[in-house]
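The sequence and structure come first, and the description follows.

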Amino acid sequence: MPDPHTLQEPAPAPNDALSAIVGLRPFLAGRTLSALSAQVLAVAVAWQTYALTHSVAALGLIGLAQFLPMLALVFISGHVADRYNRKRIVQICQVIEIIGAFAMALLTYTGQLAPWALYVLVACFGALRSFEGPCQQTFLPSIATPAQFPKAAALSASLFQTASIIGPSLGGLLYGLGADFCYLTCAIGFSIALLSTSLLKLRPYAGSRSPMSLESLFGGIAFLRRRRDLLGAISLDLFAVLLGGATAMLPVYADDILHLGPIGLGILRASPAIGALLGSLVLARYPLKSHAGPIMFASVGIFGIATIVFGVSHSLTLSVLSLAVLGAADVVSVVVRGALTQLATPDGMRGRVSAVNMLFIGSSNQLGEFESGMLATAIGTEAAVVAGGIGTLIVAGLWIRMFPRLWTLDRLDTIRPDET
């Protein structure tokens, strides 16, 4: 019998424990700080653009300036991510982001930042994210095993949602001290993100040596056509967000339907992110062990039902709860889709597939707002939101039949790269 007073060696961490992932902390710090700084920057740019122009159309051009570079560079950035050192690419992007944020602070301080310069700088940030995003998405499967990935992905999602909640409010507070101070804070945030990225230890990746060609540029599309379960997961999210874009109508609900005013609008905007944060924390504590496919489809169904409930609600409490449920349901599909995107894709193809995934996500958000606005103009706001929720339910049912392999997906930790 061992002496009870003898110091015992601590029990080894289970193979799916987050504490066993070397490099997880710098990865999470870099991604979260980068996202938080981007959120603060977006708020400052919107406020300053409107202050300089007093034009609602100018705000729309800011969104367009961010999206068009990603659309134009999606296939090139994916190819670059698979050909060259991904960590180095992220570092280069973050260095330029630091310089850009500092330049915006300096130009604002000296009173020389014109609206056209804001559009150019925002477009540059959009181009940088088109390269940084696909590379950054490949980091987690490079440091986590398949058993560890679901927990780590859920924790990463929770921190990202925290940044989404804190970022706009922090941006508003910092802007009160001056736009130049706000941009300088962003430069500091990007600097710390760069330091975290530099501390990250990744498994060696040689990179593809194949020359750039149409076949290599569109390799991500070709791979998705072969892996129909992965194509189904990405396209399901695209159409669910595209049709169920209730968040685009929040200003109308806050003003004309719920009669809440600006404070109420802030509560409504925060509700989906808070629900997503709580959902991701639950998934980090209790990761999906089995039946990942059916759970994903169920979450999309709940997303659609919550959208319908929000559409017909005239109560602040019910509206907040339905938006929170909507956000929590969405994060489940995010985790499953993320696991499929990263674990089912060969390392040499992850950059291109991640770039296509980013394009789908960006398109669904931008086009979803456009679709909701046009449909609301045609049939009314409440009818448009309800119709979007019903459309989401129909898409989920169709996708079960069209992508049976996705429906039968069981354990996420058994997903392996498809080299075919």
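A charge is taken to sit over a ring if NZ of Lys or CZ of Arg is within 6 Å of the ring centre and within 35 degrees of the ring normal. In this predicted model, the charged end of arginine 285 sits over the ring of tyrosine 286, at 4.8 Å from the centre of that ring. The count of aromatic pairs comes to 4.

Histidine 291 lies in the loop between helix H12 (261-285) and helix H13 (292-312), and although histidine 291 is not a glycine, its phi is positive, at about 55°.

| Helix pair | Angle | Axes |
|---|---|---|
| H13 and H16 (residues 381-402) | about 165° | 7 Å apart |
| H3 (residues 86-109) and H7 (residues 179-199) | roughly 165° | within 8 Å |

Angles over 145 degrees count as roughly antiparallel, and H13 and H16 are therefore roughly antiparallel to each other, with a crossing that is left-handed. Their contact brings residues of H13, including Phe297, Phe303 and Phe310, together with residues of H16, among them Glu382, Leu393 and Trp399. By class, the residues of this contact of H13 with H16 divide into 14 nonpolar, 6 polar and 1 charged.

H3 and H7 are, by their angle, therefore also roughly antiparallel to each other, and H3 passes H7 in a left-handed crossing. The residues of the contact of H3 with H7 divide into 16 nonpolar, 6 polar and 3 charged.

Terms used: Residues are numbered from 1 along each chain as its sequence is written. This is a predicted model: local features need pLDDT of at least 70, side-chain atom pairs count only at pLDDT 80 or more; totals for chains, interfaces and linings use all residues. Side-chain values use heavy atoms; hydrogens and water are left out. Helices (H or I, at least four residues) and strands (E, at least two) are DSSP runs, numbered from the N terminus. Axes are lines fitted to C-alpha atoms, for helices over the stretch in contact, and angles run from 0 to 180 degrees between N-to-C directions. Angles under 35 degrees count as roughly parallel, over 145 as roughly antiparallel, 65 to 115 as roughly perpendicular and the rest as oblique. A crossing is left-handed if the near helix is turned anticlockwise from the far one by less than a right angle, and right-handed if clockwise. Contact means heavy atoms within 4.5 Å. Ala, Val, Leu, Ile, Met, Phe, Trp, Tyr, Cys and Pro count as nonpolar, Asp, Glu, Lys and Arg as charged, and the others, Gly among them, as polar. Rings of Phe, Tyr and Trp (its six-membered ring) pair if their centres lie within 6.5 Å; planes under 30 degrees apart count as stacked, over 60 as edge-to-face and the rest as tilted.
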